[in-house]
Every structure is written in structure tokens, then in C-alpha cells.
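Here is a short report on salt bridges. Look over the sequence and the fold before reading on.

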Amino acid sequence: MTKSNWKYSDFLSVGVLVLGAAIVLLPLIVVFFTSFAPAGATPEVLLKNNWTVANYREAWQRGKFLLAFANSTLVAIAVTAFQIITSALAGYALARLKFRGRQALLLIVLATLVIPFPLLVIPIFLVLKWGHLINTYGALILPTAVNGFGIFLLRQYFQTIPVELEEAAAIDGANRWEILWRVMLPLARPALVTLFLFTFIGEWNDLFKPLVFTTRPELRTVQLALAEFQEQFTNNWPLMMAAVTIATVPVMVLFLIGQRQFLQGIATTGIKN
């Protein structure tokens, strides 16, 4: 579409999108620039380019983010791996295998999506305590190792893949496992990347599980470290914004790397062949 062919509605749509992007990005820009300000700086000081990176060094050391980053990365990768495996297996079974009670099972999976996690905290806590998993990595990983959203997402995506591809693989002698591993999963890469991003970012930003299921300092995650950091430095906004930026940058970089596959997975999920 050339500029001469643009209509009033096109300009209006672009204007609304630009305004929406500005509203979303403005808080991030404020946080980013505030993190470079000296302690007690005013807007006039920032306009004079009197910026410093000392806040990042101090925030990293005082917040002990190295241990928190290691714990959050371990937990996020473990939960993501579990969810991808379980969602791929369950999603493929619900999409392709015909067995009694399949629709009822799908409804149960969907029903789990409307139950808030805090409502399950007491039974989960009792199960973890019975299994002697409180204050362990298991308490941070196992409660969210399976997710109904991932199962439904991959089930919907598998349904968009033509059945003829599976039939051709079966004629060549492939069994169900080989069809899933060699045919379905490579074709479902956008949905897998989407699930990976949703799960990893969700686990990275999770504060509830570390706060409820752990008390050991060596198990503190990024969000728990950030919460404790904010309690200690409530009056030092530049230092707090530096800590927030440190905790946010990894997931932003991860999303930018996988955004193309993420958008493709969101766009095609739910479209049947």
C-alpha cells in the first residue's frame, strides 16, 4: 500500500497503534533512564547527561543477583522442559488418538485453566510437605511441571497439521513415537517456541512459589531477591530501577529472539486444516 492509497481509517489505525506503543513503552523508558541517575537526582540533573552506571554495580552486589539468576534460570528451564514434554504428549493424544473419554478429558484440562493457583496452595503445600520437598528445588519445579494451557495450545496446533503427513509416515513404517518426534514436533516449532516463551517468562517472574514454598536464602530467585531489595532501598529510586532493569533484561532479550516464531504460533493456533 503506497502513501497515496492510504485512507483516513489507515491513518487512524496507525495513530492508535503508535499511541498504544507509547503508553506501553513510556514506563519502561522512565525506569531505564532513572536507573542511570545519581542518588537523589532530579530531572534537571538527568537532562545534563549526568548519568552513571554505578547503580548497576551496587544493585548487583547488594541484591546478590548472581545466585538469584542461577536459581531462576534452573527453575525456569526445568519447568519449561517438563511442560513442553508433557504438553506435547498430551496434546498429540488429544488431537489425534481416538479413545473413550477424550472429550471429557479435554474439558477437564480446560477446567484447570479457570482455577487460580493460589486456591491450590494449601493442598500443594501439604503434598510437598508429605514428600519432604519443602525448601528444595522440587517445591519450585513440580507444582507447575504440567500446565493445561500448554496441552491445549499444542493440541490446537497439532490439529492444523494435515493428517496426510502422518499417514505417509505410517506407510513408510513409522510408529506413533516416530511420527510425533520426526513429523509433528518439527512442524509444531512455532507453538513450541510460544509455549517456551510463555512458560519461561512466567517462571522467571514468579514470586508466589518461592515466597510460600521456600525459606532458605540459597534458594532465592530473581523476583524474591528483587522484592527483598525493594524493601531495603525504598527511598533510593535510581538503585531500585537498576535492580528492576537487571531482572527484566533477560526475558526481554529472550522474547526479542523468539518473537517471530511466537507471533506465528499465536496466529496459527486454533486454525484447523
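Six salt bridges are counted in this structure, which is a predicted model.

Arg 62 pairs with Glu 58, and their closest N and O atoms lie 3.0 Å apart. Both residues sit in helix 3 (residues 54-62). They are four residues apart, so about one helical turn separates them. Arg 62 is partly exposed, at 46% relative accessible area. Glu 58 is also partly exposed, at 27%.

Next comes a pair from two helices. Arg 96 and Glu 166 form a salt bridge, with 2.2 Å from N to O. This pair links distant parts of the chain, 70 residues apart. Arg 96 belongs to helix 4 (residues 65-96), while Glu 166 belongs to helix 9 (residues 163-171). Is Arg 96 buried or exposed? Arg 96 is buried, because its relative accessible area of 14% falls under 20%. Glu 166 is buried as well, at 5%.

Glu 166 has another partner. The side chain of Arg 176 meets Glu 166 in a salt bridge of 3.8 Å, N to O. Arg 176 lies in helix 10 (residues 176-187), ten residues from Glu 166 in helix 9. Arg 176 is partly exposed, with 44% relative accessibility. Through shared partners, Arg 96, Glu 166 and Arg 176 join into one network.

The three pairs are listed below.

| Pair | N to O distance |
|---|---|
| Arg 62 and Glu 58 | 3.0 Å |
| Arg 96 and Glu 166 | 2.2 Å |
| Arg 176 and Glu 166 | 3.8 Å |

Terms used: Residues numbered from 1 in each chain as written. Predicted model: local features only at pLDDT ≥ 70, side-chain atom pairs only at ≥ 80, totals over all residues. Heavy atoms only, no water. Salt bridge = Lys/Arg side-chain N within 4 Å of Asp/Glu carboxyl O. Buried < 20%, exposed > 50% of the residue type's maximum accessible area, 1.4 Å probe, protein only.
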